[in-house]
Amino acid sequence: MKVIFLCLFLIDISLGNNNYPHLVEKAVFPPVLSKAENSDEAVGHKKPLGSQNAPQGPIIEYDKFLEPKTLWEKHVDPHIPLVYRGAIKDSPAVKEWVKDEYLTEKYGDLDVLVEHKKEDRSSTSGRMILKDFLKHYKTDDLYVVSMFPSEMMGEVKAINSIMCGTFRNFTHESNLWISAGGTRSVVHYDADHNFHCVIDGRKDFIMIPNNLATKTNLYFKQKDPGVGSGFSFLDPDSIDMKKFPKIAKVPWTWATLYPGDCIFIPSIYIHQVRGYGRTLAVTTLFTADIQDNFNADDCPSDITQKDYTMADINFLWTYKKGDPTIDMGYMNTELVKNQLLDALDDDVIKDGKMTMKQFILFTGTFSPYGRNRTKMAAVWKDIFKIEENGYLDAKKVKSLDLHQMKIFCRAVESPHGVVTNGSEPVFVRPGERHKWEKATDYEEDASDRYEEDEDEIRRLTHYDNMLQHLSDEERQAYIEKRREEKQKFGVQYDGDHMDLSQLSEPARILMQLSWRIDDIPEEHHPHILRGRIPEDFRDEFLSALPESLLEKYEKYFERDRIPKVMVKALIAAKRDNYTKRMREELESEEGESEEGESEELESEEERNEESKKDEL
């Protein structure tokens, strides 16, 4: 006899929130555990996510705002979710936005992006004005997932805990969510911290800690390297336990939100969301991970008691009426600036001065748009104001203002939805194209790009500098020296077992990786040697690493990054393999040379014998 979860739609959600009698949707969450006889199927087979095992419990809740420093120490820094009950219940929006007529009359001419109710991440976003959406959303498959227009922010209370200090300096963007019901997200995680606040309706959240084990058990796929987010292609409405049995091992907690409630979703924390009936919510995205410590110097003692609205937040990305693009989902400009500074520390960048060609190679790691040489050269010269033969250094990066960084981010990423002329209203459904849209112009000759990558690898591994200009004797001496060094390590291994206890950390990594580098296909070397795990080689790469390295550098691998010390070990390992091949070629040449000398001697002896015969 096996157990399954009985997902019956029995309980009126108004029992949990009597202040909102219009909420009449019924749903049991989390699923109720029940037994079923004579069943050979696994627990939760073909059931929604959450039906495969029992939750660990509800998310911790608070009925008032935490002090900013406390929020940082207890939740943001350790990446622990929380729920604020009734945090924004006094917002005018909670009272007024339940009426479509109110939204149509006051904000109907604002543009919004729209998606399908059931997220699949394969369709492009549509775009229309809000009043057109409200005419169709009760009968059509439409769901507003858009930038929260600046004109609407004054009617929504802000989260006081993030209105000062480090939080206030890195508040990224705000999003608006509106649906007639029946919505659900994919299983995913996002790059930014997020406060998700419900204004109308009900939402259920499944929250899953992000680590290598859970991502493996959820069969995750990653986006382009550097994006910082990822999602699973699993269908959360119907989990096939025959194909995906590891789902039963995934630990999870839960929360149900009603109007006025907010949930904190830490960055890269895996989650899945469902909405019932008419739902309306807003989110506030912020970043704090780039700071080693939280600075609360500008936080007043009564910060949690002040009357803030979202209009008081200085978001990095915004939308207001008339903007041609709705800048949703672009990278955090401060994080991008820090990535530029990190790139200047790369061994390839001489003296911390990046050339334009190196800059274009760097932008190509973000997305295909970053590989457009013409656009990136224009950013270099027209936006960053650098001559073609000039260079980008740390001082210049730090001097780039918000406007310059926004243009750069738009250049290396595609717009999230339809781009308009800023004046004429549009009505474009999800997946459709608009007359103003052009075919993507980032495609380049793949062979040219691959040759550039190969050149970059050669620079990274110093092939030319190391061996090309050495004489035969010098090369042989170098190879012998490397051989002696490896013998001196005295490392013995049998299969996956190695005795590395006597080595330093770099040496341990080198010896653990050097014998695996030839197993990595050549096409993945450009990404790996730049410190990024290729999307379509992620599982194979991580499975080749010993548990000690997986645990030590888990935070890097969760973001699909490779720590610098490991990249250097990989480079050294690749160099070792190159010298090994070089040594084999030299030994082969020596063998051929010895054979040639032997043949010459034999030939000379034969000639002498013939000469003697002639003399006789």
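In what sense do strand β12 (residues 193–208) and β16 pair, and over how many bridges? Before I answer, please keep in mind that what we are looking at is a predicted model. The answer is that β12 and β16 pair in the antiparallel sense, and that 4 bridges hold this pairing; within it, Cys197 has Cys262 of β16 as its bridge partner. Strand β16 also has β5 (residues 82–84) as a partner, again running antiparallel, with 3 bridges between them, and here Leu82 stands opposite Phe264.

Now let us turn to the side chains of β16. In a regular strand, side chains alternate between the two faces of the sheet. In β16, which covers residues 262–265, Cys262 and Phe264 point one way while Ile263 and Ile265 point the other way, and all of them are buried.

Let me move on to charges. Side chains of opposite charge can pair when their charged atoms come close. The count in this model comes to 20 salt bridges, and one of them joins Arg85 to Glu61, with a distance of 2.9 Å from N to O. This pair links distant parts of the chain, for Arg85 is in the loop between β5 and α2 whereas Glu61 belongs to strand β4, and they are 24 residues apart.

A further salt bridge, at 3.7 Å from N to O, brings together Asp235 and Arg184, which are 51 residues apart. Asp235 counts as partly exposed because its relative accessibility is 36%, whereas Arg184, at 11%, is buried. There is also a network of salt bridges that links Asp100, Lys138, Asp200 and Arg278.

Finally, where on the model do like charges gather? Asp342, Asp345, Asp346 and Asp347 form a patch of negative charge on the surface. Asp345 sits in the loop between α7 and α8, and Asp345 is exposed because its relative accessible area is 53%.

Note on methods: Residues are numbered from 1 along each chain as its sequence is written. This is a predicted model: local features need pLDDT of at least 70, side-chain atom pairs count only at pLDDT 80 or more; totals for chains, interfaces and linings use all residues. Side-chain values use heavy atoms; hydrogens and water are left out. Patches are made of residues with over 30% relative accessible area and no salt bridge: like charges are joined within 9 Å, nonpolar side chains (Val, Leu, Ile, Met, Phe, Trp, Tyr) within 5 Å. Accessible areas come from the Shrake-Rupley method with a 1.4 Å probe; for residues, only the protein chains shown count as cover. A salt bridge is a side-chain nitrogen of Lys or Arg within 4 Å of a carboxyl oxygen of Asp or Glu. Lys and Arg count as positive and Asp and Glu as negative; His and the chain ends are not counted. The place of a charge is taken as NZ of Lys, CZ of Arg, CG of Asp or CD of Glu. Helices (H or I, at least four residues) and strands (E, at least two) are DSSP runs, numbered from the N terminus. Buried means under 20% relative accessible area, exposed over 50%, partly exposed in between (1.4 Å probe, protein chains only). Two strands pair if DSSP finds at least two bridges between them.
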